[in-house]
There are 2 protein chains.
Amino acid sequence: MSSVIHCGKYDVHVGPDMFRELEKFLARRQVFGNVVLLVDRNTRQHALPLIRERVPSLQDAPFIDVEAGERSKSIDTCTHIWNRLTEIRADRQSLLLNLGGGMICDVGGFAASVFLRGIDFIHVPTTLLSMVDSSVGGKTGINFGGFKNQIGTFTRPAAVFISPAWLRTLPDRELHSGFAEMLKHALISSREKWDALSQTSALKDMDWIPAIQDSVLMKNRIVHADFRDRHVRRTLNFGHTVGHALESYSLLHDADPLRHGEAVALGMICELYLSWKLCGLPEEILTELAAVIRRLVPAPVAPVDPEAILGIMKSDKKNAGDRIRPVLLQDIGRPVINHPVPGELVLEALGFMTRIAGEAALNS
Amino acid sequence: MSSVIHCGKYDVHVGPDMFRELEKFLARRQVFGNVVLLVDRNTRQHALPLIRERVPSLQDAPFIDVEAGERSKSIDTCTHIWNRLTEIRADRQSLLLNLGGGMICDVGGFAASVFLRGIDFIHVPTTLLSMVDSSVGGKTGINFGGFKNQIGTFTRPAAVFISPAWLRTLPDRELHSGFAEMLKHALISSREKWDALSQTSALKDMDWIPAIQDSVLMKNRIVHADFRDRHVRRTLNFGHTVGHALESYSLLHDADPLRHGEAVALGMICELYLSWKLCGLPEEILTELAAVIRRLVPAPVAPVDPEAILGIMKSDKKNAGDRIRPVLLQDIGRPVINHPVPGELVLEALGFMTRIAGEAALNS
């Protein structure tokens, strides 16, 4: 069963017959012959042939491909996309179809949003993470000067087409990574949503369509209230202050680094600890939530240097004035933004997370 | 006497006491200490010391400087600006003050509009052209892949501060260049506006404040009706189809190339000729208008290769399908967009323009 979620100015289609919906959308917009596909080396191999086969009007659509991986979220990739769009003679009626994960959606959205002062783009996310996170909400961006999303725009896609079919071949860790963001949406939304999601027994048996719909709805409600990210939208950053630091650290130190959502899951455990210490989150809820997060997102925890993690957090531009300001929870569904946290408590929280994760010691 | 023109979401201040207005604006916004100035090598030398002296809160404001000239309207300049903003630790509350001509306003506006997904910027235009053209209307952009404004955004400035004081030291040809756009605004607006402006005897004696106010109002009325440039805003392109081609040609062939507005003035004469041939513009009006344009914007006309000019026009992405589509005039104040014009007529128009300009021959 397919459904449409109206996100203000665009629709998110979730369902198994996504290809038919996409074909109908392209027909309605009369952009046949003017669609350009953006893929990375992974989606070029598997997703591109499939979408061309199933959506007849895309059979001869030109494509632009970029290297896979977060490193491609760069100005150089944009330059490549703009050069190719210019070669293809894309005009203001052209439409860029981003076929891939979060990197493709973010960089493709940005490149399109400024090409000829903005051409339309649509997202066809192929990872769980990009289905529930980057493809919804109208943020585009690239990394620059060592900072994530330093350059970007707030531009809504013309539409999003989500099919759980892509998830069948997704590696477990990528599934966990996306599920962490779904848990986060529930945690900052309501006890009811959290209870529903936390009863999941195994991701393999998940009924993805309603779960993704629910997560997109939760995110969209928050985005709709604060599109430009000035207040309540920042609650979506829950788990990300510590999570981003763990992710950066892991990228530098681990052969097989943490996935984004895995780092967010570990970050959430730390920030729940801080919520207990500083915001009155009951201890039994901390214990309950941490256990559920570990069970459903069993991210590997390699030994970390907590002082180094703290240093990364302090250099983050979002933590102005040397104070760490994560999103904390007074309770499930009751997030608080801009709560300053002393560095020592962050070290404690990292220790708690490492114990919970069943690891022996920091600094080993 | 100073005045404020409300352009929808931002104000354009025109008057001699622009510095005081700017100081008041910065105080109201409470951005003291968080303003970054963007200058080129010219405005760094003269305008930067003056603005710092006259606006006390800018005394210690950091600045970013770029090479002067159209070549700096590039992605490399943006990279430089973003690097400097990152170094300065600019945040979402920072404001970029663009102090210069059209290039500075365009590139600074674009760089700001995507830094951290958009920080505020204001324009302090220092040339007549940028006062009446690029600083008003909310278009930002850079050149890319050989095309003008290929990358950019529609983003309104937070405010514009126009002082005719900057014009005192502006070279004559720069003054002519800006005046050509003012003539264009009048020509596409109404007979009344045209009659008022065409009675100007010498630019030296011009009463600039009311004239600039009037021109900004005319442009703003058109922009307001079609911010995203889908229909009536395109009438602002009058004179530019042929004008851009003459400008590009001159850049390649002349030691001292045509200024933008000079090329537009010559382009307007050509497009008036086409309007007479194709749109019923009375011949006596063609003769009258061409004479006034030549008198007030005496652009030098070097010999040109008309076939080469035509080739440049055909490669322009705005002229899709090999047809040239300039804006034509049925009468003063009655522009028509998307009128296709055969190449031979363009050659005739170039011949007419060259005769009017009192030059001997094409292809000499």
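Analyst: One term before the helix pairs: axes here are lines fitted to C-alpha atoms, for helices over the stretch in contact, and angles run from 0 to 180 degrees between N-to-C directions. Also, this is a predicted model.

User: Fine. At what angle do H4 and H5 of chain B cross?

Analyst: Helix H4 (residues 75-87) of chain B and helix H5 (residues 102-114) of chain B cross at roughly 55 degrees, and their axes come within 10 Å. H4(B) and H5(B) are therefore oblique to each other. The crossing of H4(B) past H5(B) is right-handed.

User: Which residues make that contact?

Analyst: H4(B) contributes B:Thr77, B:Cys78, B:Ile81 and B:Trp82. From H5(B) come B:Val107, B:Phe110, B:Ala111 and B:Val114.

User: And how do the residues of the H4(B) and H5(B) contact divide: nonpolar, polar, charged?

Analyst: Seven are nonpolar, one is polar and no charged residue takes part.

User: Now chain A. How do H8 and H12 cross?

Analyst: The axes of helix H8 (residues 191-198) of chain A and helix H12 (residues 283-296) of chain A come within 11 Å, with a crossing angle of roughly 40 degrees. That makes H8(A) oblique to H12(A). H8(A) passes H12(A) in a left-handed crossing.

User: What makes the contact there, and what classes of residue does it have?

Analyst: On H8(A) the residues are A:Arg191, A:Trp194, A:Leu197 and A:Ser198. H12(A) supplies A:Ile285, A:Glu288, A:Leu289, A:Val292, A:Ile293, A:Arg295 and A:Leu296. By class, the contact of H8(A) with H12(A) has seven nonpolar, one polar and three charged residues.

User: Back to chain B. Where do H11 and H14 stand?

Analyst: Helix H11 (residues 260-279) of chain B and helix H14 (residues 343-356) of chain B have axes that come within 8 Å and cross at roughly 125 degrees. H11(B) and H14(B) are therefore oblique to each other. H11(B) passes H14(B) in a right-handed crossing.

User: Who is in that contact?

Analyst: Among the residues of H11(B) are B:Leu266, B:Ile269, B:Tyr273 and B:Lys277, and those of H14(B) include B:Glu348, B:Phe352 and B:Met353. The contact of H11(B) with H14(B) has 13 nonpolar, no polar and two charged residues.

User: Different topic. How many aromatic pairs over all chains?

Analyst: The count comes to 16 aromatic pairs over all chains. In one pair, the ring centres of A:Tyr273 and A:Trp276 are 5.5 Å apart and the planes are at 70 degrees, so the pair is edge-to-face.

User: How far apart are A:Tyr273 and A:Trp276 in helix H11 of chain A?

Analyst: They are three residues apart in helix H11 (residues 260-279) of chain A, so about one helical turn separates A:Tyr273 from A:Trp276.

Definitions and conventions: Residues numbered from 1 in each chain as written. Chains lettered and ligands numbered in written order. Predicted model: local features only at pLDDT ≥ 70, side-chain atom pairs only at ≥ 80, totals over all residues. Heavy atoms only, no water. Helix = DSSP H or I, 4+ residues; strand = E, 2+ residues; numbered from the N terminus. Parallel < 35°, antiparallel > 145°, perpendicular 65-115°, else oblique. Left-handed = near helix turned anticlockwise from the far one by under 90°. Contact = heavy atoms within 4.5 Å. Nonpolar A, V, L, I, M, F, W, Y, C, P; charged D, E, K, R; others polar. Phe/Tyr/Trp six-rings, centres within 6.5 Å; stacked < 30°, edge-to-face > 60°.
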